[in-house]
Structures are given as C-alpha cells and as structure tokens.
Amino acid sequence: MKKCFWALLCLSLAAPLVHADAGDIKARQQYMKDWRGLNKKMGAIIKKSDAQSFPAKEFALLAVQLNETANEPWQHYDADSRGEGSDAKAAVWEKPQEFQAAIKRFTDAAAELDKAAKTGSYDAVKVSFGKVGQSCKACHDKFKD
C-alpha cells in the first residue's frame, strides 16, 4: 500500500512537468515561426538592397507585422505550459525577471525597427534590424533549448 501511495504521489508531482499545455506551446511556437519568416524576408531585403534600391514600403509592411505581434506570445508562457513538447528552458519560470527583461529588449527592438522602417532610411533599418536579431539570439541562448 505504501509503495502504491508513493508511486501515485510521484506521478502526480511529475504530471505538470510532463504534460505541458499543448495549446499554449503551439501558440507561442507559431508566433516564433511567423517571426522567423518575417526576419528571413527582411534579412533578404537588406542583403539585396542598398540605400538607393531599398524597397522601403515593402520592408515597412513586414516591420509593422513584427511590431504588432511583438507582445503576443508571452501570455502563452504560463506554468502549465512547461515540459514535454516545449523548447523553453526552465529558466523562463525560474528567472521571471530576466525573462521579462529579455521580452522588453525584443519588444523595444521591434518597435524601433518599425519606427525606422517608417522613415524609409536603409541605414536606420539596417541598424534596427541588427538589434532585433541580437535580442532574439540573446533570449534564445538563455531561455530556449
């Protein structure tokens, strides 16, 4: 009877870590996938362009999409969404202030890119796009498996 009790207790404690909320995980992964696509398109535009040939309007449409969704996935990082199927490291939940700071760096960078894109300045966009990439990499290095 004691063995059964301990086995059930262990299973009940481990269950939240093993069975993550698949809806939240899929939602945040879809945002990241969408952003990856936007970043690839924006990066290709920057690589192919210079100050004279930069398609400012096309780029601005992509930058606004990134900025408008920059705050969306973070609500999907609740305690029930950790574990199997999640690429998020435990640090997301163990170091919430650091995670929030990383989110702020990204959302600020996305807003700066949107603002730069609206000016049409290739040089401003190039610098701001680099900041977005840096914020993504820093967050993924610390908070993504």
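A: Start with handedness. The model is predicted. In it, H3 and H5 cross in a left-handed way.

Q: At what angle do the axes of H3 and H5 cross?
A: Roughly 155°, and the axes come within 8 Å. H3 covers residues 56–69 and H5 covers residues 96–119. Angles over 145 degrees count as roughly antiparallel, so H3 is roughly antiparallel to H5.

Q: Which residues in H3 meet H5?
A: Contact here means heavy atoms within 4.5 Å. From H3 come Ala 56, Phe 59, Ala 60, Ala 63, Val 64, Leu 66 and Asn 67. They meet Phe 106, Thr 107, Ala 110, Ala 111, Leu 113, Asp 114 and Ala 117 in H5. By class, this contact has eleven nonpolar, two polar and one charged residues.

Q: Now H2 and H3. How far apart are their axes?
A: The axes are 10 Å apart, and the helices pack at an angle of about 155°. H2 spans residues 22–48. That angle makes H2 roughly antiparallel to H3.

Q: Is the crossing of H2 and H3 left-handed or right-handed?
A: H2 passes H3 in a left-handed crossing.

Q: What residues make the contact of H2 with H3?
A: H2 brings Tyr 31, Trp 35, Leu 38, Asn 39, Lys 41, Met 42, Ile 45 and Ile 46. H3 brings Glu 58, Phe 59, Leu 62, Ala 63, Gln 65, Leu 66 and Thr 69. The contact divides into ten nonpolar, three polar and two charged residues.

Notes
Residues numbered from 1 in each chain as written. Predicted model: local features only at pLDDT ≥ 70, side-chain atom pairs only at ≥ 80, totals over all residues. Heavy atoms only, no water. Axes fitted to C-alpha atoms, helices over the stretch in contact; angles between N-to-C directions. Helix = DSSP H or I, 4+ residues; strand = E, 2+ residues; numbered from the N terminus. Parallel < 35°, antiparallel > 145°, perpendicular 65-115°, else oblique. Left-handed = near helix turned anticlockwise from the far one by under 90°. Nonpolar A, V, L, I, M, F, W, Y, C, P; charged D, E, K, R; others polar.
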